[in-house]
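Subject: Model for your files, with notes

Dear colleague,

Please find the structure below, with its sequence. My notes come after it.

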Amino acid sequence: MKVFQCGIGAALLFAVAAPISGAARAQTPPAPDESELPPLGTGPNMQTGANGALSDYPMQRDGSGTAWQPDSSPHEGIHGSFGQWSTMLHGYAYGVYDHQGGPRGGDKPFSESMFMAMAQRPLDFGQVTLRTMLSLDPFMGKDGYPLLLQTGETANGVTPLIDRQHPHDFLMELAGVYAAPVTENSSAYVYLGYPGEPALGPVTFMHRFSAMNDPEAPIGHHWMDSTHVTFGVLTAGYVYDHWKIEGSWFNGREPDQNRWDFDPLRLNSGSARITWNPGDDWSLQASYGFLKSPEQLEPEVDQHRITASATYNRKLGSGNWQTTFVWGRDVDHPGNTSDALLLESALSWGSHTFFGRAENVGKDELFALGNRLYGHLFNVSKFSAGYIYDIPAGEHLMLGIGGLASLYGLPSALKASYGSSPVSFMLFVRGMLV
Ligand SMILES: [Cu+2]
C-alpha cells in the first residue's frame with residue numbers, strides 16, 4: 001500500500017507541479033516577492049502538521065474536492081510526516097444489512113468503504129497537496145444496493161438504476177492542488193483531478209459530519225453532490241480571508257457501470273461556486289454548473305444544476321453537533337426542472353451518535369421506458385433516523401454498531417407501486433480510522 005501511494009504521489013507531483021505552478025502564477029497578480037509574503041503553511045496551523053489545501057487556514061475546513069466545511073468540524077485521521085511531506089490517512093468501512101420495504105423494496109447485505117491518503121509539502125512560493133480517495137464499493141456488484149426512490153446511473157449500460165444506489169468507483173479521487181499566497185490574507189490555487197470533484201455543490205455526503213455516520217446515500221444525491229467522482233476536473237480559485245470563489249472545467253458525464261477503471265477524459269462542462277465561512281461554525285455556498293450529457297442512457301439531455309447549502313457545526317464538551325441544509329435544482333434540456341431539499345443533522349456525545357435526515361425531491365425517473373408513468377414528475381419525501389454506538393478498538397481504530405429506519409411521503413399515484421406506507425431499515429457495523 002505504501003509503495004502504491006508513493007507511486008501515485010510521485011506521478012501526481014510530476015503531473016501537477018510542473019504545469020500548475022506556472023499556470024497558478026500566470027492567472028494571479030505578479031508573483032509576490034518571497035521576502036514580503038510568508039509561504040503557506042508557516043502560520044500557526046503548521047504546528048499540527050498539515051495545512052488547509054487552498055490557503056492558510058485550519059485543515060479541518062477542507063471537505064471533499066475543494067469544498068469547505070466549518071472550521072470547527074471534527075477531524076479524523078492519522079497524521080504523520082515524511083521528510084518535507086505532512087501526511088494523513090483516513091478511512092472507514094461499513095458492513096450493512098439493508099431491508100427496503102414495500103413491493104419495490106429488497107434485501108441485501110453489502111459493504112461500503114472509503115480510504116483517503118493525503119500528502120502535503122511546501123513548494124516554491126506555496127504548497128502542493130496530493131490526495132487520493134479509494135472505495136471498495138465495486139465489490140457490492142454493479143447494481144449497488146436497494147434504496148427506495150433512489151435514481152441515477154446504470155448497472156448494465158442499458159437500463160437505469162431505480163430504487164437502488166449505484167456503487168462508487170474504486171478510484172474516487174486522484175488529485176493535486178497547488179496553492180500560493182497572493183497577499184497576506186489571500187491566495188490562489190489550481191486543482192487537478194482525474195478523477196476529482198468540481199466546484200459544484202456542498203461537501204459530498206460521505207465527507208460531511210452531518211451525513212458520514214449514515215451509510216445511506218441521500219435520494220437527492222444527483223441534485224446536490226453527485227459530481228464528487230468526475231473523470232477529469234480542472235479548478236482554479238481564489239481564497240480571500242473567509243471567502244472563496246472558484247471555477248471548474250470538467251467532464252459532465254457520470255461514471256459508467258465499470259467501477260474499477262478510468263472513464264474517458266472529456267472536458268466539456270463548467271461550474272462556478274462561491275463559499276463563505278462566517279466564523280468558525282458556519283459554511284455557506286452557492287454554485288451553478290452546466291453538465292454536458294450527464295447520463296449515459298440519455299446522451300441528448302444536458303443539465304443545468306444550481307445548489308445552495310449551509311452547514312452549522314458546534315463543538316460540544318465531548319462531542320459534536322452538525323446540521324446541513326441543501327437545496328439543489330436540476331434543469332434538464334430537454335426535460336423537466338426539479339428540486340431537491342435536504343435537512344440532516346448528527347449529534348455525537350461520547351460513544352453515542354444520533355443522526356437524522358429529511359428530504360423532499362422531484363423525481364421523474366422512477367419508471368422505466370414503456371411504463372405509462374415513464375417521465376412523470378413525482379414529489380417524494382423520505383425521513384430517516386438512526387443511532388450508532390462506537391467503541392475504541394486500539395489507538396487509531398473505532399468500531400461501531402448501529403441502525404436506522406426510514407419512512408416515506410408518497411403521492412397517491414405512487415402507492416400502487418410502493419405500497420401505502422413502506423418502512424425500511426439498515427443494521428450495520430463500522431470500522432473507522434481516527
Ligand atoms: Cu456519489
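This is a predicted model: local features need pLDDT of at least 70, side-chain atom pairs count only at pLDDT 80 or more; totals for chains, interfaces and linings use all residues.

Residues are numbered from 1 along each chain as its sequence is written, and side-chain values use heavy atoms, with hydrogens and water left out.

Strands

Helices (H or I, at least four residues) and strands (E, at least two) are DSSP runs, numbered from the N terminus. Two strands are called paired if DSSP finds at least two bridges between them. Strand β13 (residues 302-316) pairs with strand β12 (residues 282-291) in the antiparallel sense, over ten bridges. Within that pairing, Gly289 has Arg305 of β13 as its bridge partner. β13 also pairs with strand β14 (residues 319-333), again antiparallel, over 15 bridges. Here Tyr312 is bridged to Thr323 in β14. β13 and β14 make a hairpin, with two residues between them.

Nonpolar patch

A nonpolar patch on the surface consists of Tyr238, Tyr240, Trp243, Ile245, Ile274 and Trp276, and together they have about 570 Å² of accessible area. Patches are made of residues with over 30% relative accessible area and no salt bridge; like charges are joined within 9 Å and nonpolar side chains (Val, Leu, Ile, Met, Phe, Trp, Tyr) within 5 Å. Areas are from the Shrake-Rupley method with a 1.4 Å probe, and for residues only the protein chains shown count as cover. At least two residues of the patch come from each of β9 (233-240), β10 (243-250) and β11 (269-276). Ile274, in strand β11, is partly exposed at a relative accessible area of 37%. For this and what follows, buried means under 20% relative accessible area, exposed over 50%, and partly exposed in between (1.4 Å probe, protein chains only).

A polar contact

Ser55 is in the loop between α1 (2-27) and β1 (78-82) and is buried, with a relative accessible area of 8%. Its side chain is joined to that of Ser187 by a polar contact of 3.0 Å. Such a contact is a pair of N or O atoms within 3.5 Å; within protein, one must be able to donate a hydrogen and the other to accept it, and residues adjacent in sequence count only if both atoms are side-chain atoms.

Salt bridges

The whole structure has 18 salt bridges, a salt bridge being a side-chain nitrogen of Lys or Arg within 4 Å of a carboxyl oxygen of Asp or Glu.

- Lys382 and Glu216 meet at 3.0 Å, N to O. Lys382 is in strand β17 (residues 378-392) and Glu216 in the loop between α2 (209-212) and α3 (221-224), so the pair ties together parts 166 residues apart in sequence. Lys382 is buried at 2% relative accessibility, and Glu216 is buried at 1%.
- Lys244 and Glu246 have their closest N and O atoms 2.5 Å apart. Lys244 is buried at 1%, as is Glu246 at 4%.
- Asp302 and Lys292 meet at 3.4 Å, N to O. Asp302 is in strand β13 and Lys292 in the loop between β12 and β13, ten residues apart. Asp302 is buried at 15%, whereas Lys292 is partly exposed at 36%.

Finally, a network of salt bridges links Arg208, Asp214, Asp225, Glu344 and Arg357.

Regards
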